[in-house]
Each structure stands twice: as structure tokens, then as C-alpha cells.
Amino acid sequence: MDILNQYGDQLLAAFVITLELTVLSALGSLLLGTVLTAMRVSPVWALRTVATGYVNLVRNTPLTLVVLFASFGLAQQLGITLADPKSPTSITDSSFRLAVLSFSLYTATFVSEALRAGVNTVPPGQSEAARSLGLGFMQGLRYIVLPQAFRAVIAPLGSILIALTKNTTVASVIGVAEAALLMKEMIENTSALIIVGLIFGVGFMCLTIPTGAAFGYLSKKFEVKR
Amino acid sequence: MSGPGTTMRNLYDVPGPRGKALNIAVSVLCVFGLTGAGWWVWSALAEKGQLVAEKWEPFLTPEMWLTYLLPGIAGTLQAAAFAIVLAIILGILLGVGRLSEKRIVRHSCGAVVEFFRAIPLLILMIFCFQLFADYELFPSTELAVAAVVTGLALSNGAVIAEIVRAGIKAIPRGQGEAAIALGLGHGQTLRMVLLPQAITAMLPAIVAQLVVALKDTALGYQITYVEAVRQGIQAGSAYSNYIPALVVTALVMIAINLGLSRLATYFENRLRSGRKPVAMPVVEKVLVPET
């Protein structure tokens with residue numbers, strides 16, 4: 001209990017950062033993933049090639065490497081820091097934003113894979129009907145195909161969100177003050193390894209298990225009946 | 001319509017003259033945009049002196065490979081290989097355990113699987129590392145590799161347990177019923193009838209899981225395990241060429257993983273096109289009707 005009293009505030013702060021990283025990266029990856037999917041199913045050869053190439057490259061790169069790329073490559077070598085260099089918290093801000101950027105870029109590839117599978121579940125008659133009504137490719141995608149595709153892949157998107165929640169721990173590699181970084185610190189400063197491990201285990205279970213349950217419920221609720 | 005998009009069922013008609021012109025225009029724009037972005041990155045890198053030959057030449061020397069990159073790649077492959085073998089064993093035990101007739105076995109296996117699926121691998125690795133260090137379970141030189149392998153085996157084992165369970169459940173019910181009708185017990189039915197069918201069907205999913213394990217060894221970076229990413233960074237700091245070092249490391253990892261993904265697809269296609277399938281439980285979260 002001493003540990004909880006001593007580290008309570010820091011624990012809360014660390015898990016809030018974890019949550020922020022998760023939510024922001026989830027939004028970013030959903031957006032980019034949808035764009036990538038649209039590109040991958042588009043009639044334009046160049047867009048298809050670019051998007052497929054991007055997905056295959058990034059998906060097969062370890063996340064740690066993507067994050068380090070952002071930190072060493074973008075921030076240190078190219079000087080893109082994503083934060084106002086004059087502000088007193090610029091280093092923290094910058095590593096946080098770089099982490100969100102890396103997670104979004106990485107997770108978008110998985111979102112795109114899931115969504116493309118979702119597009120495949122939409123019967124061809126749907127987009128044929130859309131075309132016969134005079135809708136163009138983008139309109140058909142936006143109003144007819146993607147809404148049905150999204151509803152078919154709610155459960156996989158939930159798995160991706162859970163994976164993302166767990167992956168945010170990788171941000172500790174560039175010093176973002178999220179849960180894993182605090183865990184390392186607590187292990188060094190206290191001798192209660194088992195309790196520390198338990199705290200973080202339970203902390204993450206509180207984040208991931210409800211997510212899984214919620215997405216399971218949503219996927220049933222919004223399932224496309226065919 | 002050729003190219004990578006051909007598996008997509010027709011979301012668009014064969015373009016007419018205007019459509020063709022539009023597609024070409026968008027393609028050209030896209031190529032221009034990419035070239036512009038590429039040129040910007042290139043010139044920014046050149047300005048920082050990352051593109052001069054000295055930064056890249058070390059990759060042609062044996063020292064670079066023997067001291068830095070190859071030990072890293074070996075570490076990555078070694079940890080992933082050990083971990084996946086342990087994970088498959090653990091996964092089969094847990095997966096079968098979840099289908100046990102005894103409620104207590106079923107529920108405890110379920111709890112273990114859910115626990116290791118819920119917590120981040122990095123947290124698990126940090127914990128194992130410290131645990132092994134405190135209780136001196138492994139010699140200090142082997143601590144990192146032990147922690148990486150344990151973490152990977154536990155978390156991948158939990159995933160494989162789910163794959164196994166889904167695989168067994170996807171086998172037509174008649175198989176199990178026939179086995180019982182022949183007088184086989186629950187254990188015999190699983191071992192002699194259901195598992196052999198499930199495992200062949202699971203092969204693609206398991207190879208795909210190997211890619212995940214291989215990528216996740218990079219988490220060992222944070223507990224000082226000698227793997228590809230750590231060695232890439234070390235090389236970068238030794239030759240002060242971070243960007244080239246990271247690029248080369250990324251290319252190596254991507255090549256290995258793409259190879260493995262190919263292998264998974266190959267197994268999948270062989271299973272699909274093989275002789276009339278007894279059970280076709282393709283273990284996938286999304287059902288993808290192939291054309």
C-alpha cells in the first residue's frame with residue numbers, strides 16, 4: 001500500500017499519458033488507414049502501388065524501429081521536432097508527438113489491411129448498384145462500400161486498438177513518460193518487484209479488457225445482416 | 001485491370017476515354033507529389049551530410065557486419081526461433097486446455113490466456129528481466145535473452161492458444177461425433193482426430209505469428225538484448241551515421257519478414273488448392289471471400 005501512496009499520482013499521470021497516446025494514435029491511424037484503403041482499391045495504378053508498398057514496408061518493420069526513426073531521423077537529423085523549440089516543455093512535447101506520429105503511421109497499415117478485408121465482404125452487387133445510380137468511384141466508396149466495410153470489421157479494429165494500447169509502451173524508448181517508463185523507474189527505486197508488476201498488469205488489463213468487450217458488443221450490434 | 005488490385009472485386013468499371021485520362025492525370029500527380037517529397041527528404045538529408053559516401057561505405061566493410069549487424073540479426077532470429085517453439089507448445093497446451101471437459105482446467109487456461117493477451121509484451125519483458133535478476137534464475141549474461149524469450153513465448157503462446165481453439169472449433173462437428181461414436185475418449189478424440197486437422201489448417205496463422213514474434217524481439221532493445229535494432233543503433237553511434245544504419249537495419253528486417261509472409265501465403269494457397277479439404281478452418285478474424 002505504501003507504494004500506491006507514494007506513486008499514486010505518478011501512476012495516474014503515466015496511465016493518462018498512455019491513454020492519450022492510444023486515443024490520438026487511434027484517430028490518426030483510422031484516418032490514414034482509411035485513406036490507404038481507398039488508395040488500394042482505387043482504379044489508379046500509381047495510388048494502388050504506393051499504398052500497397054507503404055503498407056508492406058511499414059507493417060514488416062518493428063515498431064521500436066519506427067519510433068527510433070522518428071526520434072533519430074526526423075528530430076535529431078532533420079530537425080523536425082513537432083514542437084515549439086522555445087517552449088519550456090518542447091522536448092517532452094516533441095517526443096510525445098513523434099510517438100503519436102509513429103504509432104499512427106504503423107497502426108494505419110493494420111487498419112488498412114482489416115478495412116480492405118472488409119471491403120471484400122461487401123457484395124459486388126452493392127457497388128454495381130451504386131454505379132448504375134450514377135455514383136462515381138469516390139461516391140460509391142463513401143456512401144455505399146466503406147460504411148458496410150467498417151461495420152464488418154469492427155471486431156478486428158477492436159483487436160487493433162487493443163494491440164495499439166499495448167504498443168504505446170514502446171514510446172518509453174524515446175522517453176515519453178508513459179506506463180512502461182514509470183514501471184522501470186519504480187522497479188529501480190522500490191524492491192517490490194511483484195507488486196509493481198501486478199500494478200501495471202492490472203492497470204493494462206483495466207484498459208484492454210473493457211475495450212475488447214465493448215468492441216465485441218459493437219460488432220454484434222452493427223453487424224450487416226445478409 | 002492488372003496489378004496488385006486485381007483481387008478487388010469490381011468497385012469500378014473498365015474506364016472509358018475520360019476515365020482513362022483522369023486515371024493518368026491522378027497517376028501523374030501522385031508521381032509528381034512523391035518525387036517532390038522524395039526530393040525534399042533527399043536534399044534535407046544531403047544538407048545534414050547523411051548522404052555522403054563515407055556514411056554508407058562502412059556497410060561494405062566486414063567489420064560493420066561482423067561486429068554489429070550480423071550478431072544483431074543472429075540475436076533476433078535466435079530469440080524468435082526459441083520463442084516460437086515454446087509458444088507453439090504452450091499454445092497447444094492452453095488451447096486444448098480451454099476445450100477441456102473439466103471446468104477448472106478450462107477456466108484456469110482461459111484466465112492465463114486472457115491475462116497474457118491483455119498485458120503489453122514490453123511490461124512482461126521488463127518484469128521477467130528483473131525477476132530473473134533478483135532470483136538469479138539465469139547467469140547474468142543470459143538474463144536479457146531469457147527475458148525476451150520468456151516474454152515472447154508467453155504472449156505468443158496465448159495468441160496461438162486462441163488460434164488452436166478457433167482451429168479446433170472450425171472443424172466440422174461430424175469429425176468429433178464420429179470419433180466418439182467409434183469409442184474414442186475426449187482426450188483421444190482431440191489428439192488423434194481434431195488436433196492433426198486443426199494444426200495443418202493453422203499453419204499459415206502460425207507462420208504469420210512468427211513474423212510478429214520476430215518484430216517483437218526488437219522490444220528487447222529496452223532490456224539491453226543484443227538484437228538487430230540495438231545493433232543498428234550501436235553501429236550508427238560508432239560510425240555517426242544513424243540514418244544509414246537505421247535504413248539498413250529496417251531493410252534487413254523487412255526482407256526477413258516479407259520472406260516469412262510469403263511463406264505463410266504459400267502454405268495458405270497450398271492448403272486451399274490441396275486435395276478436397278476435409279476441414280477448411282482458415283483461421284482468420286475477418287472472413288475474406290476470395291475471388
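Between chain A and chain B there is 1 salt bridge, meaning a side-chain nitrogen of Lys or Arg within 4 Å of a carboxyl oxygen of Asp or Glu. Arg131(A) and Asp13(B) form that bridge through their side chains, at 3.0 Å, N to O. By class, chain A's side of the contact with chain B has 36 nonpolar, 17 polar and 7 charged residues, with Ala, Val, Leu, Ile, Met, Phe, Trp, Tyr, Cys and Pro as nonpolar, Asp, Glu, Lys and Arg as charged, and the others, Gly among them, as polar.

A word on conventions. This is a predicted model, where local features need pLDDT of at least 70 and side-chain atom pairs count only at pLDDT 80 or more, while totals for chains, interfaces and linings use all residues. Residues are numbered from 1 along each chain as its sequence is written, chains are lettered from A and ligands numbered from 1 in the order written, and side-chain values use heavy atoms, without hydrogens and water.

How many residues are in contact? 60 of chain A with 57 of chain B, contact being heavy atoms within 4.5 Å. Asn60(A), Gln77(A) and Asn120(A) supply 13% of the area chain A buries against chain B, more than any other three residues; buried area is the accessible area (1.4 Å probe) that two parts lose on being put together, summed over both.

Now Phe103(A). Among the residues it touches, leaving out those up to four places away in sequence, are Leu21(A), Leu63(A), Val67(A) and Leu164(A).
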